[in-house]
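Please look over the sequence and the structure shown here, and then read the report that follows.

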Amino acid sequence: MARPGNPSSEDPTVQIPADTIPTPDPPTRRMPRKITVTRVAAFRSRQLTGRAVDTFRRAATADGADRSGLTALTYATMVTYALDAAVAVALANTLFFAAATAESKTNVALYLAITVAPFAVIAPVIGPMLDRLQRGRRIAMAVSCGGRAALAVVMALNYDNWILYPAALGAMVLSKSFLVLKAAVTPRVLPPVITLATTNSRLTTFGMVAGGVAGAVAAGVSLPFGSPGALYWTATLGVVGAVACLRIPRWVESTAGEVAESLRSTRRGRSPTGHSVLVALWGTSAVRVLTGFLTLFVAFVVKSAAEDDPGRAPSQQLFLIGIVGAAAGAGLFLGNAVGSRIRFGRSETVVLGCVAGALAAAVLAAALPGIATAAVAALVGSTASAMAKVCLDAVIQRDLPEHARASAFGRSETVLQLAWVLGGALGVLLPHSTYWIGFTVVAAVIALVGLQAAMINRGGTLVPGLGTRSAP
């Protein structure tokens with residue numbers, strides 16, 4: 001018989017509280033019976049890997065992302081960042097550094113075409129086409145990844161002849177097309193408990209981590225197998241990306257009640273763009289000019305200095321370029337982290353502040369030329385770019401009706417890509433004998449575009465037709 005106050009499990013009339021029932025400990029891996037250094041290292045490696053995978057899964061599925069479809073889009077975004085990083089590593093010696101050291105204007109023009117043409121093509125042709133082809137978004141994203149896989153194989157088989165260049169151009173066009181499509185799809189998989197700004201910051205962070213890992217693997221593969229080996233690794237990633245895109249939920253194809261968004265003025269059948277959206281778009285574009293400029297200009301300056309100093313080792317050149325690249329990467333992480341956690345009261349003030357910070361960094365690099373100030377400019381510019389993009393996403397979500405957001409995100413991404421390529425073109429065309437000329441010119445461009453944002457904020461415009469117009 002059970003004692004009073006001590007319920008027994010044998011008495012069916014007594015209910016034992018669930019929180020008092022002991023739960024069995026989760027199964028754990030046992031240490032090997034025979035302890036050796038190799039076995040312990042292998043055991044610890046498996047244990048740490050398992051924990052890392054669990055942490056990654058929790059982060060990717062947090063806030064209901066697995067139910068909304070955001071997790072599937074996160075995986076696809078990670079793969080496309082990985083593809084871009086792997087291609088950059090594989091083609092570094094042939095496209096980037098070869099062009100940077102070339103004295104022939106023809107070679108420089110060819111490199112400029114490879115880097116600029118994708119953006120120029122996307123703006124007038126691909127962006128609007130993808131905006132109209134809304135029911136095929138998942139398929140188009142899968143084609144983007146699969147096409148890059150096929151082109152990577154073509155480049156690997158034709159690494160030493162002219163076919164490499166149009167194949168590289170096609171890969172870049174497909175890469176930028178994916179970004180436009182992703183921007184249009186993201187609002188369709190937004191979990192109800194988080195904002196679009198947080199979602200985009202999360203996608204960027206996951207993508208950057210994946211790009212870093214894939215780039216490191218590509219560099220490791222290229223050591224024994226050369227750049228063609230890294231391109232085959234890229235092709236594998238492309239196949240994985242195509243599968244990941246097809247796993248995005250079907251409801252992103254729904255266009256019920258969706259209309260196209262005009263980023264310029266009110267047109268028949270289009271939704272008008274708000275004042276805050278235009279300010280954020282122009283301001284973010286101003287900062288993107290600096291990030292695009294830094295991506296190419298610093299490497300060209302370093303390579304130009306190496307030609308004047310033949311004793312400088314290639315590893316030293318890579319180290320100098322890596323300093324600026326690391327600063328830019330740190331700025332992206334910092335900007336996304338801050339932007340996803342802070343609730344901005346007035347997005348216009350924040351965006352204009354980002355423009356002022358980017359302009360100040362460019363002026364500093366022009367006044368005190370050197371790799372150190374270039375790294376500071378990269379850190380400030382990347383941070384400002386990420387924060388301004390968070391503001392742009394937030395105001396699109398806040399000010400535009402739901403049926404117009406997908407179109408607005410796709411078109412705004414196209415505009416930002418064009419701003420980046422404007423900076424990149426300046427980085428290629430401006431003299432590379434010194435830092436101050438390039439940074440002076442880019443500071444003037446940032447000031448001009450930023451002034452347009454400031455004037456729109458006050459109700460005016462520098463260029464007629466590009467200001468705020470209300471719907472009739």
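This is a predicted model: local features need pLDDT of at least 70, side-chain atom pairs count only at pLDDT 80 or more; totals for chains, interfaces and linings use all residues.

Residues are numbered from 1 along each chain as its sequence is written, and side-chain values use heavy atoms, with hydrogens and water left out.

Helices here are DSSP runs of H or I with at least four residues, numbered from the N terminus. The end C-alpha atoms of helix α6 (residues 137-157) are 30 Å apart, which agrees with the 30 Å that its 21 residues should span at 1.5 Å a residue, the expected span being 1.5 Å times one less than the number of residues.

The nonpolar cores, sets of buried Ala, Val, Leu, Ile, Met, Phe, Trp, Tyr and Cys residues joined through side-chain atoms within 4.5 Å, are compared below.

| Core | Residues | Among its members |
|---|---|---|
| Largest | 54 residues | Phe293, Leu294, Leu392 |
| Second, separate | 39 residues | Leu70, Ala140, Met155 |

Phe293 touches Gly423, Phe439 and Val442, among others, where contact means heavy atoms within 4.5 Å.

The axes of helix α3 (residues 70-90) and helix α7 (residues 164-185), lines fitted to C-alpha atoms over the stretch in contact, with angles from 0 to 180 degrees between N-to-C directions, come within 11 Å and cross at roughly 160°. That makes α3 roughly antiparallel to α7, a term for angles over 145 degrees.

How values were computed. Helices (H or I, at least four residues) and strands (E, at least two) are DSSP runs, numbered from the N terminus. Buried means under 20% relative accessible area, exposed over 50%, partly exposed in between (1.4 Å probe, protein chains only). Angles under 35 degrees count as roughly parallel, over 145 as roughly antiparallel, 65 to 115 as roughly perpendicular and the rest as oblique. Lists of a residue's contacts leave out its neighbours within four places in sequence.
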